[in-house]
Amino acid sequence: MTALPDLQAAQGSDRRAAGPQQALPVVAVRKVVVTFGAIRALDGVDLKIAPGEVVALAGENGAGKTTLVRCLAGDIRPAGGEILLSGRPLPADPLAVARHGVGVVWQDLSLCDNLDIASNLLLGRERRRQLFSDIRMHADASAVLARLGIPLNDTTRSLKSLSGGQRQLVAIARAMADQPALLLLDEPTASLSFKHGAQFEELIGALRRQTTVVIACHDIDMMFRLADRIVVLRHGRVVADVNPGVVHPDDVAALLSGQEIDSSPRRQLTRLQGLTGRLVAADPSSSLSLILSALSAALGAERLCIHLATGNELVCAASLGLTEAMRAQWARLPIGQAGGPAGRAAVAARTVIAPDAQADWGTFSALAKVAGVASSWSVPVLARDGLAGVITGLSSKPGQPERDQLDLVTVYAGYAASAIERDRLLDEVTKRNRVLETIREVLETLAGPIPVNEGLGLALQSLRRGLQADLVTLLTCPDDNFPVCRASASLAGAANADEMALGIASTLSREMRADGRRNGTARQIPGDDGRWRLAVTFAAPAGPSVLLASWDNGPPTADATVLVEDAAHSLRLALEREQAGLAQQEATALRRSQELQRDFLSRLSHELRTPLTAIRGYATSLLQPDVTWDAESQQRFLTRIAAESARLGRLVDDLLDFSAIELGILRLQPDWCDIMLVLEAALACLPPEGAAMVAISCPADLPVVWADHDRLEQVFVNLLGNAIGHNAPGTQVTVVAEPRPRGCVTVTVSDAGVGLPPDVAAMPFEPRRRRSAKAGGAGLGLSITKGIVTAHGGLLEVRRAPVGASFAVRLPVEDTPAPPPGAKIEPEMTGMTPGSGSRQLWRKEAVGRGRAGR
């Protein structure tokens, strides 16, 4: 048995069946001999087939392929040797072999044309239920075809109506019906068209997961597409057992014809083909290491290195077999004579050979002696734009390398040039993608739903990452004032602008005003602190603005300049959009205010006119000289005049209170107040029938609060009055006072009535809103109530309730409330400060004042 030089070691190195071969082989052929008279069809054939393998038998006519298939199928008894099937002797009986799990598809297919598909599939293996039921037979046949993925849906078709490819599929399905462990195929594609051949290959590709396949054929290309191994037969002997992954089809063709092959060029071509595949799939950072490794295997060299040209230097990018001392001294080499053989090859752009390294290396002669280098060669790596690097090989033997070796190095240098060019293009694309991604993030942030003022910090953080800068700052210079930092981003998050940045922004803004320019180009700003800065000025609504980026290590790149200018343009548009949004909000608020004022004045005039009309009418009636009214009528008229006057007074008081709250000049006279006394006073202000609807729950140990008694009474009169006036008579109203954590008291006023209308519930404390059209007043009650509670440092809120409406008043206990801007709080001069003295004394004084008031 012969084989291609260097192919023996390759066998099994990349086989897909390398793992299964360690198990018991499905087939073991040992020294098999088959004779036909004086002719030896098989002469001492040895072959092992592992589970799951697809093995192709290649050979010219008469080589013994079909004879070997017939032996494996039990059709021929060998004259010598043995065949083991899963470790057991193979019987020389086709039926017995079939029962042992061997399926065969002969070249002539052996099908019955007068039967349908189902009958051919199950011929000879019909079961009782199939013989008595055509439906069952066709169902079982369809199940077999479906399991194998064969597209023959109608099993009732006659075999004569099928094409050659379809007949081939039926034959394979019949052989696979019992799921054999071994499938033998004899010339399966000999009479198939290209379309049906492709369909056959797809089926075999699916079957390889289910069984072991042996194919005897002449189609070398199909063998390379399907087989894990190719066994070449010639004159009844196995002359080669090769792996399609590491050989070329021409090698198999040469073996079939018995030619002697010089495998050295083929081996190098195979290495180059494998290297190309690995370079495509490899990470860019490992490309040069792969090239050096492949070159080392091709040359048999142990010490190689490759330097990349960077400016006026050669930087070692990958090495193989170099000592630590040599790697350290050759990490960076100058281009020229001082760079040794690599530097001379770079400057001359041609191969430099040093047959005696200790004499030819110049300044590195001592290094050559220490490292044991006797000779070297350096081949330049030339790319489209000039020198890309240098590959250097070191040898422990003096002399010059062979010319073929240098030519081979030149081929690998071309691969290295392509890899270097690919890496550079990938770096450029990565940088450009980073720029585009940064611009996209900045635009999405500034144009997103969040306010521009909040989005500036996020946009600058994205810009900082894209620039790979240490700090990015946006400064605005309103008028001639000192620059203001609008937003900034650093490695640690937000940061303040330093004095240097503020000074740069002030200078650039003055220059911009003097030149009258709206936008500037990015320019580098030198600094005494060692930082590199890049700044661009642009016109913004609040004044000239400066976008400033700084780097602690190294200057900015050209991409950084473009990115900063694009970002400045986006920031200018965002600031203009922010200014336009603010102007639109102000205009909307002004229109809304005007509408509310008109509505309020219209409603107020109506509310004022109603009591005035009543007062004027009753007074005019009393003053008529020609009418004399009895005492009862006079009393009734005067009572109505008094009631309408009180109503008019309340309207005026509400208007004054609301104006004071809006202007921030609400006057409070705080003192220690007992909440229970405040609630009782408010209850006393209600009509008797309304007061009867109210139930108050207040614990005895509820702490007193520092507040204005009269104003709190006004709060609860408004809340209770709303609960009574807007619901049916008899509606239950509950008031619950209870202490809360962190020094607070909460009073909840709830009713079981109809609840708040949707428009009022949406904005309950907006002025000039009334719960019903029939309700009197100017609709300022809840607004005034909220303003009084807020002035006390408390909170008024609407709570969800299953029925009715619920309002909660939260008040601080001892701490003096923080008034809203402009509110004036004038504590009563009682001779004691809040929080001093005995709590019991305060409670007694508060109770006393409350009783005196009642």
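The following dialogue examines how several elements of this predicted model are described and on what grounds.

Biologist: What is the order of the strands in the open sheet?

Modeller: The order is β6-β7-β8-β3-β9-β10, an open sheet of 6 strands with mixed pairing.

Biologist: Why are β6 and β10 called edge strands?

Modeller: β6 (102–105) and β10 (237–242) each pair on one side only. The twist from one strand to the next averages 20 degrees.

Biologist: Which helix packs on the sheet against β6 and β7?

Modeller: Helix α6 (residues 164–176) touches β6 and β7 (182–186), and its direction makes about 165 degrees with that of β6. Helix α9 (residues 249–256), in turn, lies across β3, β9 (229–234) and β10, running at about 20 degrees to β9.

Biologist: Why are α16 and α17 described as roughly antiparallel?

Modeller: The axes of helix α16 (residues 403–446) and helix α17 (residues 452–467) cross at roughly 175 degrees and come within 8 Å. Angles over 145 degrees count as roughly antiparallel, and α16 and α17 are therefore roughly antiparallel to each other. Residues of α16 in the contact include Arg 434, Glu 441 and Leu 446, while those of α17 include Val 452, Leu 456 and Arg 465. By class, the contact of α16 with α17 has 7 nonpolar, 5 polar and 3 charged residues.

Biologist: How do you know that α11 is roughly antiparallel to α16?

Modeller: Helix α11 (residues 287–299) packs with α16 at an angle of about 170 degrees, and their axes are 10 Å apart. The cut-off is again over 145 degrees, so α11 is roughly antiparallel to α16. The contact of α11 with α16 divides into 13 nonpolar, 2 polar and 2 charged residues.

Biologist: What makes β26 a partner of both β24 and β27?

Modeller: The requirement is at least two bridges between the strands. Strand β24 (residues 694–697) and strand β26 (residues 733–740) share 4 bridges in the parallel sense, and 8 bridges join β26 to strand β27 (residues 744–751), which run antiparallel. Both pairings therefore qualify. Val 694 stands opposite Val 733 in β26, and Val 735 stands opposite Val 749 in β27.

Biologist: How many residues lie between β26 and β27 in their hairpin?

Modeller: There are 3 residues between β26 and β27, and Arg 742 in the turn has a positive phi of about 60 degrees.

Biologist: Which elements supply the lining of the second largest pocket?

Modeller: α2 (94–99), β6 and α6 each supply at least two residues of that lining, and the largest share, 5 residues, comes from α2. The second largest pocket holds about 680 Å³ of space. Of its 24 lining residues, Pro 94, Leu 95, Ala 98, Val 102 and Arg 125 are the closest to its centre.

Biologist: How do the residues of that lining divide by class?

Modeller: The lining of the second largest pocket has 13 nonpolar, 6 polar and 5 charged residues.

Technical notes:
Residues are numbered from 1 along each chain as its sequence is written. This is a predicted model: local features need pLDDT of at least 70, side-chain atom pairs count only at pLDDT 80 or more; totals for chains, interfaces and linings use all residues. Side-chain values use heavy atoms; hydrogens and water are left out. Axes are lines fitted to C-alpha atoms, for helices over the stretch in contact, and angles run from 0 to 180 degrees between N-to-C directions. Contact means heavy atoms within 4.5 Å. On a 1 Å grid over the protein atoms alone, a cavity is a set of points where a 1.4 Å probe fits but cannot get out, and a pocket is an open set with protein on both sides within 12 Å along at least five of seven lines; lining residues have an atom within 4 Å of a point. Grid points are joined across faces, edges and corners, and a volume is the space filled by probe spheres set on the points. Ala, Val, Leu, Ile, Met, Phe, Trp, Tyr, Cys and Pro count as nonpolar, Asp, Glu, Lys and Arg as charged, and the others, Gly among them, as polar. Angles under 35 degrees count as roughly parallel, over 145 as roughly antiparallel, 65 to 115 as roughly perpendicular and the rest as oblique.
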